[in-house]
Amino acid sequence: MNHSAEHLADPELRPARCVMNLVRLGSFHASRLSFTRSLVRQMAREHWSVTRARFDLDDDGHGVAIYRLDTPHNRYHGVVFSQALDPEKRSDRVIAEAWDVTFAIVEGEVDDRLLEQMAANVPLQEAGRQNPRLLVLSRANKSLRNFGDFVDALASGRQPDPAWLTRVGYLYRTTAVYGNGKFGIADYARLQQSPDFRRPFSAQMFAVYLLRHFSIEQVNHIAAMRAPDVAVPLAPALQRYLGIGNSTGLGMAPFLINHPRLIQQWVYCREWALAHARQRRPDAASRQRLLDLMHRVQRHFEQTVTEDEAQTRRNRETVAALTQSIGWLERTPANATLWTDLLDWVATQGSLEAEELINTLLIELYPDLIDAVEDNLGCDDQLDLQPEMRVSALKQLIESRYGWALDYDPDDPNHHYWFWYRSAEKEEPRLGVRAEERGAEKEMPVAIGPRVYRTHQLLGEFLALAPNASVVEFLMAHPHQKECVRRIQTLAQTPYGEIQANLWHRDMKPMHLLRTKLSFFGASRFDPKSDRWVRVTLFQGAPLLDELGGQWPVGGRRLAELDDWSFPVEPQAGAL
Amino acid sequence: MNVSHNELEGICRKAFQGIGFSEGDAADAADMVAWMEVHGLGGIAALKKGVHFLLKEGESQPPSIIYQDADVTVLDAHGNSILGNASLALELGYVRARARGLSVTKIRHCHNRILVIGYLSRLARRGMNVTAFWRNAHDPLTELVVGFRAGHPIPDLCFYSLEAVPDDIEKNDGITLVMANHVDLMPGLRSSQPLTNLIQHSEPDLVARKAQLLTAGMEVDDDLWKTLKSLADRLLVEATEDSRSGAGAGTNDND
């Protein structure tokens with residue numbers, strides 16, 4: 001279900017000027033459509049089986065573990081290398097050179113020769129050369145406090161305090177999860193035909209999910225080695241409540257700009273599902289289900305801890321708006337316009353996060369809508385020129401579809417305050433102040449607004465001289481405009497895809513860009529560490545491997561129960 | 001070293017930008033090299049042959065038009081590589097064919113012509129029948145004919161040498177493109193001259209080759225990779241104490 005003219009005309013889709021506003025995108029939450037949710041459903045539906053093929057860890061948990069994954073179609077292996085790491089070397093930044101664990105997903109079998117090659121290269125990450133049978137390459141660092149506290153508790157025969165996981169929801173956090181040909185691993189083009197991993201980022205998400213399983217097995221192992229007669233394994237409820245962290249910086253931002261057709265597809269599928277959910281007729285059962293979800297989400301946000309003042313304020317506003325919304329919904333019986341009335345009412349509460357939460361929960365009510373779109377999240381990413389288009393038509397296209405870009409004011413220093421660049425230090429993306437820092441001549445061309453503004457200006461000048469000219473004639477005169485022109489022509493055919501913000505503007509918050517992408521990944525517990533660096537949690541609350549692999553009938557209630565793990569709340573002590 | 005398609009395309013794009021190509025030209029040129037290599041048609045070898053010329057060329061410029069009417073366009077690439085220059089000339093031929101049903105485009109004085117095939121694939125995907133023809137040298141005289149059917153981004157391709165060399169002293173450094181809106185132009189091999197050293201690739205051959213190379217990866221020699229990497233590094237900004245804070249992260253993440 002790719003976008004098309006008939007879908008463009010769908011009156012229920014929200015307009016791009018609303019959806020693609022950067023602050024709103026930065027208020028998106030993980031949803032039923034997110035890649036983590038989608039992967040877990042697929043694993044459950046197809047009874048994916050993961051078995052331990054090797055677990056050579058010493059008493060401190062250092063060594064090699066290999067897991068075998070059997071899907072109905074193929075066999076894969078996850079290989080984890082765990083090592084002792086000097087705390088001084090523990091950095092989440094891309095410039096780090098060593099990590100607590102490094103790991104990879106391999107297509108097919110892992111023989112001794114491949115394992116030897118991997119042992120020599122996977123721990124080096126970017127500095128190694130990786131085998132083309134590797135689908136994903138990643139690394140992670142420990143949350144030292146959680147890890148130590150968990151081992152101490154389990155080794156002394158008691159369960160860790162669930163509140164520790166409410167504060168930091170993981171034992172490990174990944175700092176990069178590489179796919180698509182990076183450092184010699186397999187190209188995404190190979191996975192596009194794979195029945196297992198053709199959805200965007202699904203192989204990467206599986207790698208993260210497998211690391212979660214390893215972290216549980218590793219912490220149990222260390223506790224058992226330390227106190228063989230006393231140690232207890234981590235309780236299933238805590239295993240479920242354990243996720244994997246992710247530490248992310250500006251590196252995510254260029255992806256959103258450089259893959260606009262993919263972003264269009266992700267946003268479009270979400271908006272399509274939302275538009276159709278709003279059209280469904282509410283009944284007493286769906287109203288009650290929404291109320292139940294709202295209560296859980298409210299509790300989840302009450303329990304979300306961050307040191308960041310702005311995010312703490314946003315979380316409080318979200319909880320307050322949810323409380324009000326729950327009250328409103330409890331007073332309002334089910335009727336034909338209940339969903340739109342609720343959304344209209346929430347919009348008056350002044351919390352974009354709460355608005356987008358209700359949207360997320362509405363999609364949750366109608367699984368069939370997601371089933372209809374989740375195989376359509378990938379697409380061809382190419383931008384195509386339409387050289388025969390008249391210059392006048394291109395100019396009009398910009399005016400009708402890129403009005404936001406024409407708000408750029410080159411005379412206002414605030415409009416070109418920042419520049420984006422890659423540092424010589426492992427190509428780490430960074431932001432600089434144009435008037436103060438060196439390197440603007442090498443900036444990354446990610447600020448689409450000012451570029452479209454410039455194209456529009458040149459088109460105006462060219463049109464005055466050649467009113468009937470075609471785009472190719474314009475480009476022969478202005479060859480540097482080719483990339484921007486084909487981007488405009490391609491994206492103008494779709495509703496979403498272009499983030500409507502000037503990424504040079506002084507008021508631009510990079511955090512919104514990071515959060516946009518992370519919400520589609522399925523991240524929760526947004527914990528900003530600065531305005532351009534965030535920690536999140538993935539798979540917190542997700543079913544465990546032994547729950548997914550069990551022999552139960554496909555579909556029906558069991559699958560729905562397994563899928564219902566979003567916005568997890570702290571387990572009660574009595575449940576351990 | 002063994003590299004992936006995405007790595008090859010990425011390093012080429014950055015290297016071409018490092019040379020001075022505009023963003024669009026760099027992306028197109030990188031796509032042309034990687035497309036040829038992943039179809040087993042020697043993209044890396046062609047790049048290796050041309051990279052030193054590219055360094056001298058610097059910023060990319062389109063060929064200049066020396067003759068045009070509604071059906072025929074003749075352009076001069078001034079001895080530059082097809083990589084940084086050709087795409088707009090090809091797009092001009094495309095526009096003429098769209099308008100008139102058929103167009104002929106001649107680009108004179110260019111090298112690295114084999115790489116043009118990567119871009120023609122794009123025109124075919126957009127629904128254009130394309131045939132390209134050029135001669136390579138006089139001794140032996142070789143001809144290359146490549147044909148794309150509209151909607152098929154993988155071509156049929158024939159490469160052969162002619163035993164009888166015509167009495168022609170004009171340098172073979174041009175390329176002729178015929179594009180047609182509605183007619184498949186790929187000729188059968190019906191030359192009146194004996195064809196030797198025939199290399200023929202059909203669409204299924206190239207599809208199979210692509211699948212194989214995506215699985216196994218592609219070989220790039222270390223020297224070329226180093227050259228590309230050093231060109232790509234021209235885009236990087238040297239780090240300073242101030243710039244480290246520009247990533248917005250701390251330097252120690254023990255918690």
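**Chain A, overall**

With 576 residues, a compact globule would come out near 25 Å, and chain A has 25 Å, which agrees. I note here that this is a predicted model, in which local features need pLDDT of at least 70 and side-chain atom pairs count only at pLDDT 80 or more, while totals for chains, interfaces and linings use all residues. Residues are numbered from 1 along each chain as its sequence is written, and chains are lettered from A and ligands numbered from 1 in the order in which they are written.

Along its principal axes, I find that the C-alpha trace of chain A spans about 85 × 60 × 45 Å. I counted a residue as buried if 20 or more other C-beta atoms lie within 10 Å of its own, as exposed if 12 or fewer do, and as partly exposed in between, with C-beta atoms placed from the backbone. On that count, 51% of the 576 residues of chain A are buried. For contacts I required the C-beta atoms of two residues, placed from the backbone, to lie within 7 Å. Of the contacts in chain A with a separation of 6 or more, 76% are between residues 24 or more positions apart.

**The sheet of chain A**

I then listed the secondary structure, where helices (H or I, at least four residues) and strands (E, at least two) are DSSP runs numbered from the N terminus. Chain A has 24 helices and 11 strands. In chain A I traced an open sheet of 9 strands in the order 1-2-3-4-5-6-7-11-10, with mixed pairing; two strands pair if DSSP finds at least two bridges between them. Its edge strands, each pairing on one side only, are strand 1 (49-57) and strand 10 (524-530) of chain A.

I looked up one pair inside this order: strand 7 (residues 243-248) and strand 11 (residues 533-538) of chain A pair in the antiparallel sense over 5 bridges. Across that pair, Ser247(A) stands opposite Arg535(A) in strand 11.

**Chain B**

For chain B I found 8 helices and 10 strands, and its C-alpha atoms fill a box of roughly 75 × 40 × 35 Å along the principal axes. Of its 255 residues, 45% count as buried. Among contacts in chain B between residues at least 6 apart in sequence, 72% join residues at least 24 apart.

Which strands does strand 3 of chain B pair with, I asked, and in what sense? Strand 2 (residues 64-68) and strand 3 (residues 72-81) of chain B are antiparallel over 4 bridges, and they form a hairpin with 3 residues between them. Strand 3 of chain B also runs parallel to strand 4 (residues 102-111) of chain B, joined to it by 7 bridges. Tyr67(B), in turn, has Val74(B) in strand 3 as its bridge partner.

**Where the chains meet**

How many residues does each chain bring to the contact? I counted 42 from chain B and 53 from chain A. On the side of chain B that touches chain A, helix 4 of chain B gives the largest share, 6 residues. By class, that side of chain B has 16 nonpolar, 16 polar and 10 charged residues; Ala, Val, Leu, Ile, Met, Phe, Trp, Tyr, Cys and Pro count as nonpolar, Asp, Glu, Lys and Arg as charged, and the others, Gly among them, as polar.

**Two residues of chain A**

I found Asp384(A) in the loop between helix 17 (367-373) and helix 18 (391-401) of chain A. Asp384(A) is partly exposed because 15 other C-beta atoms lie within 10 Å. Leaving aside its neighbours within four places in sequence, Asp384(A) is in contact with Arg486(A), Thr490(A) and Arg126(B).

Ala575(A) sits in the segment after helix 24 (556-563) of chain A, and with 13 other C-beta atoms within 10 Å it is partly exposed. From C-alpha to C-alpha, Ala575(A) and Tyr453(A) are 59 Å apart in space and 122 residues apart in sequence.

How values were computed. The radius of gyration is taken over C-alpha atoms; the globule rule is 2.2 Å times the number of residues to the power 0.38.
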